[in-house]
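Thanks, everyone. Please bring up the sequence and the model, and we will walk through a few spots together.

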Amino acid sequence: MFIDNKIFVESGNGPLLNAKRALSALDLSKIKNKKVLIKPNIGRLVAPEKGINTHPQAIAGVIEALKDAGIKKIAIGESPILGVNTMEAFKKSGVTEVAQKYNCELIDMDSIPPREVKIKNGRVLDTTSICSHVFEYDILLSLPVAKCHMHTGVTLGIKNLKGCLYKREKVRYHQLEYKGVEYPEKTLDSAISDLATVLMPHITVIDGYIGMQGLGPSGGDPIKSDFAVASYNAFGADITGCVLMGFNPQEIPHLKIISERMDFSFDFNEYQINPVDFRKFRVNYKQPANDVAIEYPDVVLCDKESCSACLSTVMLFLKRFKDDMSQYLLDDGLLHLAIGKGVTKDDIKEGTVLIGNCTKLAKDFGIYVPGCPPVPTRIYKAITGREPDKNEPEIES
Ligand code: SF4
């Protein structure tokens, strides 16, 4: 619906004006009488400007652009990662305040039963469970924050719609297997492409004011890149976002698959980008390491079919407590951690810290930390047998 090849990039004006100007450059008269659901990335319980959640002022900018275009019904919806309460995440991340100011409804998209949607010719999925609110709106506007992602390379507008999956359906995407035909890409990338065949953003606005580089989606470092991208073309917006982050979009597996399956082009000559010299706004994000040991040379992470929630927990744990772990290394001088449903005793060294309920089957071979996901302080306690220093700032997973 309304797909065209126009892409608008704004830079250097802060989160509100970047988002507002980029979105206002689209012909919004086409959607004047439509109901719009804004789907930001508020997947985690964190304050603004950490590069983890969409900046609240970018959300404000989008709302202002929509209101200026005469759009009356605007809501903000989210289904965050496991273990995070949606309304608490909205509050902590500054979204509640924005919603109140502009009189927009906030929706916990896990609050009503989902809709099962059939996927024709899916690579890994035959059906998927999507939050029902998504179908009550005419326009789904994806408003991600630009982030690196250890599982998927980047997370931008298309990948952000994984947050429209109902509750544990998000986890299932990390635990799928190919059905007969094996593809070279990870099953998660194929699953994201399966979802894209039934759910794509009608409009994408990428908030690149403060993104996340390195060990995203939550264990990396914030990076100020001060850009926004807006388009009716979700694929075009995402490949532009990749370039602005310093990445080759053709190397992002889920984008590569979606391009092949849905006939989207990587050729920028096929898009009308404004400004044409948008590459001048590029800020080179540090690559997402797919191996934790690159960032933490004395840590071994066995990651077999984990979901982003456990991966985030591990990253936050390492960030906060890694320096206290010197007494808890195994005889090879390394700290061994394991996450994910696929972990078996054959994958790990005896004494490995097994993080999350999914690792339960191997629990007799190491230090088992239950939870789905467990918070970083619980991992610390399981390893050391004591509570962390109370004066340490709390970091939520
Ligand atoms: S235990 Fe961890 S990997 Fe398993 S479902 Fe829960 S959060 Fe995801």
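Let's start at Glu-49, which is partly exposed because 17 other C-beta atoms lie within 10 Å. The cut-offs: a residue is buried with 20 or more other C-beta atoms within 10 Å of its own, exposed with 12 or fewer, and partly exposed in between, with C-beta atoms placed from the backbone. Before going on, two notes. This is a predicted model, where local features need pLDDT of at least 70, side-chain atom pairs count only at pLDDT 80 or more, and totals for chains, interfaces and linings use all residues. Residues are numbered from 1 along each chain as its sequence is written.

Back to Glu-49. Its phi is near 70 degrees, a positive value in a residue other than glycine. Glu-49 sits in the loop between strand E2 (36-40) and H2. On the labels: helices (H or I, at least four residues) and strands (E, at least two) are DSSP runs, numbered from the N terminus.

Glu-305 is another such case. Here phi is near 60 degrees, again positive in a residue other than glycine. Glu-305 is in the loop between strand E13 (299-303) and H10. With 18 other C-beta atoms within 10 Å, Glu-305 is partly exposed.

Now the cis peptide bonds. One joins Gly-216 and Pro-217, with omega about 15 degrees. Pro-217 lies in the loop between strand E10 (203-213) and strand E11 (221-231). Another runs from Cys-372 to Pro-373, with omega near -5 degrees. Pro-373 is in the loop between E16 and H11.

That brings us to H11, residues 376-384. Which of its residues are buried? Pro-376, Ile-379 and Tyr-380 are. Seen down the axis, the buried residues of H11 fall within an arc of 100 degrees, so they line one face of the helix. That arc is taken from the directions from the helix axis to the C-beta atoms. As background, an α-helix has 3.6 residues a turn, so residues three or four places apart point the same way. The cover over the buried residues of H11 includes helix H10 (308-321), strand E15 (352-355) and strand E16 (366-369).

Ala-382 is also in H11. Ala-382 is partly exposed, with 17 other C-beta atoms within 10 Å. Leaving out residues up to four places away in sequence, Ala-382 touches Ile-367 and Val-369. Contact here means C-beta atoms, placed from the backbone, within 7 Å. The C-alpha atoms of Ala-382 and Ile-367 are separated by 7.0 Å, and these residues are 15 apart along the chain. After H11 comes Gly-385, with a positive phi near 80 degrees.

Last, a helix pair. Helix H2 (residues 56-68) and helix H4 (residues 95-102) pack at about 25 degrees, with axes 9 Å apart. Axes are lines fitted to C-alpha atoms, for helices over the stretch in contact, and angles run from 0 to 180 degrees between N-to-C directions. H2 is therefore roughly parallel to H4. The classes are: under 35 degrees roughly parallel, over 145 roughly antiparallel, 65 to 115 roughly perpendicular, and the rest oblique. Which residues of H2 and H4 make the contact? On H2, they are Pro-56, Ile-59, Ala-60 and Ile-63. On H4, they are Val-95, Glu-97, Val-98 and Tyr-102.

Methods:
Two residues are in contact if their C-beta atoms, placed from the backbone, lie within 7 Å.
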